[in-house]
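Here are my notes on this model, in numbered points. Have the viewer open as you go through them.

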Amino acid sequence: MTQYKKGEIILNEGEVCECMRYIEKGMTRQFYFKYDKDVTEHIGYEGGMIICLESYLKQKPTRIMIEALEPTVLWEIKKERQKDVQKK
């Protein structure tokens, strides 16, 4: 379990998304910059999941950022752990 403050960046541009995140409490947004303006791609709510799918699957740096829109509690499922669960 990881807690984030309002406005805190959960995943930054250029990082590799190494886990899926379950939102226990709070709200997040996924966004990117285009022509010096931020563009919101997705809003995540309590009970939902957030992931930068392309980065997660390809294990390459992302251009997407994830930000906590309010105090947020996330459970992170690392890619290696997710593979172990699938095998069972």
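**Notes on the predicted model**

1. For the cut-offs, buried is under 20% relative accessible area, exposed is over 50%, and partly exposed is in between, using a 1.4 Å probe and protein chains only. D38 meets the side chain of R29 in a salt bridge, at 3.0 Å from N to O. A salt bridge here is a side-chain nitrogen of Lys or Arg within 4 Å of a carboxyl oxygen of Asp or Glu.

2. Some housekeeping before going further. This is a predicted model, where local features need pLDDT of at least 70 and side-chain atom pairs count only at pLDDT 80 or more, while totals for chains, interfaces and linings use all residues. Residues are numbered from 1 along each chain as its sequence is written, and side-chain values use heavy atoms, with hydrogens and water left out.

3. Back to R29, which is buried, with a relative accessible area of 11%. R29 also forms a salt bridge with E67, and the closest N and O atoms there are 2.7 Å apart. That pair links distant parts of the chain, as R29 sits in strand β4 and E67 in strand β7 (residues 65–68), 38 residues apart. E67 is buried too, with a relative accessible area of 16%. Through shared partners, R29, D38 and E67 are joined into one network of salt bridges.

4. How many salt bridges does the structure hold? There are 4, and another one worth a look is R21 with E76, at 3.4 Å from N to O. R21 lies in strand β3 and E76 in strand β8, so this pair ties together parts that are 55 residues apart in sequence. R21 is buried at a relative accessible area of 6%, whereas E76 counts as partly exposed at 29% relative accessibility.

5. On to the sheet. Strands of a sheet pair through backbone hydrogen bonds, either parallel or antiparallel. In this model 4 strands form an open sheet in the order β1-β8-β3-β6, and the pairing is antiparallel. The edge strands, each pairing on one side only, are β1 (2–4) and β6 (49–50). Strands (E, at least two residues) and helices (H or I, at least four) are DSSP runs, numbered from the N terminus, and two strands pair if DSSP finds at least two bridges between them.

6. Going across that sheet, β1 and strand β8 (residues 72–78) pair over 3 bridges, with T72 in β8 as the bridge partner of Y4. Strand β3 (residues 19–25) and β8 pair over 6 bridges, and K25 stands opposite V73 in β8. β3 and β6 pair over 2 bridges, where Y22 stands opposite M49 in β6.

7. Then there's the hairpin. Strand β4 (residues 28–34) and strand β5 (residues 37–44) pair in the antiparallel sense over 7 bridges, and Q30 stands opposite H42 in β5. The hairpin has 2 residues between the strands, and Y35 takes a positive phi near 55 degrees.

8. Which residues line the largest pocket? They are Q30, E41, C52, L53, E54, S55, K60, P61, T62, R63 and I64. By class, the lining has 4 nonpolar, 3 polar and 4 charged residues. Here Ala, Val, Leu, Ile, Met, Phe, Trp, Tyr, Cys and Pro count as nonpolar, Asp, Glu, Lys and Arg as charged, and the others, Gly among them, as polar. Helix α1 (residues 53–58) gives the most to the lining, with 3 residues.

9. About 180 Å³ of space lies in that largest pocket. A pocket is an open set of points on a 1 Å grid over the protein atoms alone, where a 1.4 Å probe fits, with protein on both sides within 12 Å along at least five of seven lines; lining residues have an atom within 4 Å of a point. Grid points are joined across faces, edges and corners, and the volume is the space filled by probe spheres set on the points.

10. Last, the cysteines. A disulfide is a pair of cysteine sulfur atoms within 2.5 Å, and the count by this rule comes to 0. C17 is in no disulfide, and the nearest cysteine sulfur, that of C52, is 5.0 Å away. C17 counts as buried at 0% relative accessibility, and C52 counts as buried at 4%.
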